[in-house]
Amino acid sequence: MNYLSVENISKAYGERVLFDNISFGINKGQKIAFVAKNGTGKTSILNIITGRDTSDTGQVVCRKDLQVAYLAQDDVFDSKLTIEEVIFSSDNPTLKVIQQYEKALENPEDGDAYQKAFDLMDQHDAWDFETQYKQILSKLKFDDIHQKVGGLSGGQKKRLGLATVLINKPDLLILDEPTNHLDLEMIEWLEAFFQKEKITLFMVTHDRYFLERVCNEIIELDGGELYSYKGNYSYFLQKKEERIALEQVVQEKAKNLFKKELDWMRRQPKARTTKSKSRIDDFYEIKEKAHNRRIEHKVQLEINMERLGSKILELHKVHKSFGDLKILEGFEYVFKRGERIGIIGKNGTGKSSFLNLITHKEPVDQGKVVLGETVKYGYYTQSGITVKEGQKVIEVIKEFGEYIPLAKGNKISAGQLLERFLFSRKRQYDFVEKLSGGERKRLFLCAVLIQNPNFLILDEPTNDLDIVTLNVLEAFLLDFPGNLIVVSHDRYFMDKIVDSLFVFRGHGVVENFPGNYSDYRAYEDSKPKEAKVKKVVEEKVQEVAKPKVQLSYNEKREYGSLESDIAKLEKQKSKIEEQFSNGEVADSDINEVSIKLQKIIDEIAQKEDRWFELSSKLEG
């Protein structure tokens, strides 16, 4: 079943053409990834599909009554609203029922309102939906849904946007870099969620493991042409390699034919016949094919790096806390020359704070951070590059010099350096504010590396970078001879680049693991079940210690039914007592009715005791 058709859309800004006459379709059940270089219009295509932008040509045709949800890079929420208000602001009827039920839970004294809300949950079969809704919020770390959006960080707002589109369960889900701002645990949960859910996806992502395990089709925009691959990331790589090899064969044939036709053109007299004019037209087509060179994206940059001495970086019994949040507790480590360490852990465990400590941007509470005299940091932060108003791309790099010294006495110009970082000569004279998010990140990386560091510190360098640029960055880092610390949620990137890990467990605990991320996951999965059970129990104990305890799904249902049951029993009790007082009970029935009344009184007492037990949980 076709959900959506994109027909001959184009987008240009002045002379700069992003894409021209692009067409493709999205069918029910497909999980499609859209792959292209930064700056070629991925986000523009998503905006056109979702109606946020218009195409210069063509149209987007949607199936009637198709429900589409879009997770954009720049979602904006009303800062005055709570998380709960944002989530329930959709038109989803089941969510409205759940909202009514949640409010009834907060006002248990209103038995009629609760019973009505409870009955509606049954009518709309909303119990499973509510369970999934709670699970999504829990996995994305939204414990307090009454928190104001204005108090959330940028990453939390991105997660709120993701939670909202997942909870709404649309027919078609369109996602722009959904794994940005998620920690590794969240990414793996989202991956599993998409694998098992019967959902239609169209997304832009650079997460190659995500592409491998979730997507069943990849659409690539390359050189202005659209290519479709009916498979996952491994299949895409294989078929793309075959396509490029075939293109090279075709181009080689075109070159040979071009030489032959060029010789004929040179020998032709000025007067042309009709037949020769046709051949001349063919000649220009052959010429275009012969000169249609593929630009291979490689960074060859032999940095003139100052040699590292014997002392690199030492941390001695380092303690650091922010209020009650403990980052490090007596952490010790002595870095060796050439070490490549990845840092992983849940959001909020102090990964970025650790980087600020070792670069002396944050003071330690106790202990010492000792830096070797020969160490020169190159620090790539999440905040990105600071650009002056009206500054051009090449001017950013020229601030470090017109020429950059390389190894063996060589040097290159600022323009040549930018070309190696995939900025064409024409693109170098664009204003920085015109760059896409990924292009800005690439420029920032270039500015960091040009300062010839011998110790690179990269905080989430893969966010917003396209797969082509990631391959370029990986190739460069694999040849980088200095020390390297990387914080990243890109598992493929970490597997390729680092040799060991610092695992931030939270509460000041940091473990040193001798291997890459896949090694770590295999190790964690191989742990005895008892250890996993112990971990689950510890997490449950921590939940119990929270100020407010949430009732389980079954307990909520029981809690709601208790109130209505007690109300019904009280009515039955009052009716029997009224019959006795009015003398309406026959002498022969007094014993039987008395036993019935006592059973009702006992049942009321039992249900009231259970009601108070569950109430104390809510208040606890």
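Three strands of this protein form an open sheet in the order S2-S1-S4, with antiparallel pairing. Welcome to the structure, which is a predicted model. The protein chain comes to 20 helices and 20 strands, and of its 620 residues 46% count as buried. Among contacts between residues at least 6 apart in sequence, 67% join residues at least 24 apart. The points below take you from the strands to the cores and then to the aromatic rings.

**The open sheet**

- Strand S1 (residues 2-13) and S4 run antiparallel and are joined by 5 bridges.
- Across from Ser 10 you will find Thr 57 in S4.

- Strand S3 (residues 31-36) is mostly covered, since 6 of its 6 residues are buried.
- In a regular strand the side chains alternate between the two faces of the sheet.
- In S3 both faces are covered: Lys 31, Ala 33 and Val 35 are buried on one side, and Ile 32, Phe 34 and Ala 36 are buried on the other.
- One partner of S3 is strand S7 (residues 200-204), paired with S3 in the parallel sense over 3 bridges.
- Lys 31 has Leu 201 as its bridge partner in S7.
- Another partner of S3 is strand S8 (residues 217-222), and here the pairing is parallel over 5 bridges.
- Phe 34 of this pairing stands opposite Ile 219 in S8.

- S8 is largely enclosed by the rest of the structure, because 6 of its 6 residues are buried.
- Which residues of S8 are buried on each face? Glu 217, Ile 219 and Leu 221 are buried on one side, while Ile 218, Glu 220 and Asp 222 are buried on the other.
- S8 also runs antiparallel to strand S9 (residues 225-229), with 5 bridges joining the two.
- Leu 221 has Leu 226 as its bridge partner in S9.
- The hairpin of S8 and S9 has 2 residues between the strands, and in it Gly 223 takes a positive phi near 60°.

**Nonpolar cores**

- In soluble globular proteins, nonpolar side chains tend to be buried together.
- The largest nonpolar core here has 60 residues, of which Leu 140, Leu 166, Ile 167, Leu 173 and Phe 194 touch the most other members.
- Leaving aside neighbours within four places in sequence, Leu 173 is in contact with Ala 69, Val 165, Leu 166, Phe 194, Ile 199, Thr 200, Leu 201 and Phe 202.
- A second, separate core has 44 residues, including Ile 412, Leu 418, Leu 465 and Leu 477.

- Thr 94 belongs to helix H3 (residues 93-106).
- Is Thr 94 buried or exposed? With a relative accessible area of 16%, Thr 94 is buried, because the cut-off for buried is under 20%.
- Beyond its neighbours within four places in sequence, Thr 94 is in contact with Ala 126 and Phe 129.

**Aromatic rings**

- A search of the whole structure finds 29 aromatic pairs.
- In one of them, the rings of Trp 189 and Phe 193 have centres 5.3 Å apart and planes at 35°, so the pair is tilted.
- Both of these residues, Trp 189 and Phe 193, lie in helix H7 (residues 184-196), 4 residues apart, which is about one turn of the helix.
- Trp 189 and Phe 193 are both buried.
- Tyr 333 and Phe 335 form an edge-to-face pair, because their planes are at 75°, with ring centres 4.9 Å apart.
- Tyr 333 counts as buried at 12% relative accessibility, and Phe 335 is buried with a relative accessible area of 3%.
- These two residues belong to one aromatic cluster formed by Phe 331, Tyr 333, Phe 335, Phe 354, Tyr 377, Phe 455, Phe 502 and Phe 504.

**Charges over rings**

- The charged end of Arg 159 sits over the ring of Phe 142, at 5.5 Å from the ring's centre.
- Over the face of Phe 423 lies Arg 442, at 4.7 Å from the ring centre.

Notes. Residues numbered from 1 in each chain as written. Predicted model: local features only at pLDDT ≥ 70, side-chain atom pairs only at ≥ 80, totals over all residues. Heavy atoms only, no water. Phe/Tyr/Trp six-rings, centres within 6.5 Å; stacked < 30°, edge-to-face > 60°. Buried < 20%, exposed > 50% of the residue type's maximum accessible area, 1.4 Å probe, protein only. Lys NZ or Arg CZ within 6 Å of the ring centre and 35° of its normal. Core = buried A, V, L, I, M, F, W, Y, C linked by side-chain atoms within 4.5 Å. Contact = heavy atoms within 4.5 Å. Pairing = 2+ DSSP bridges.
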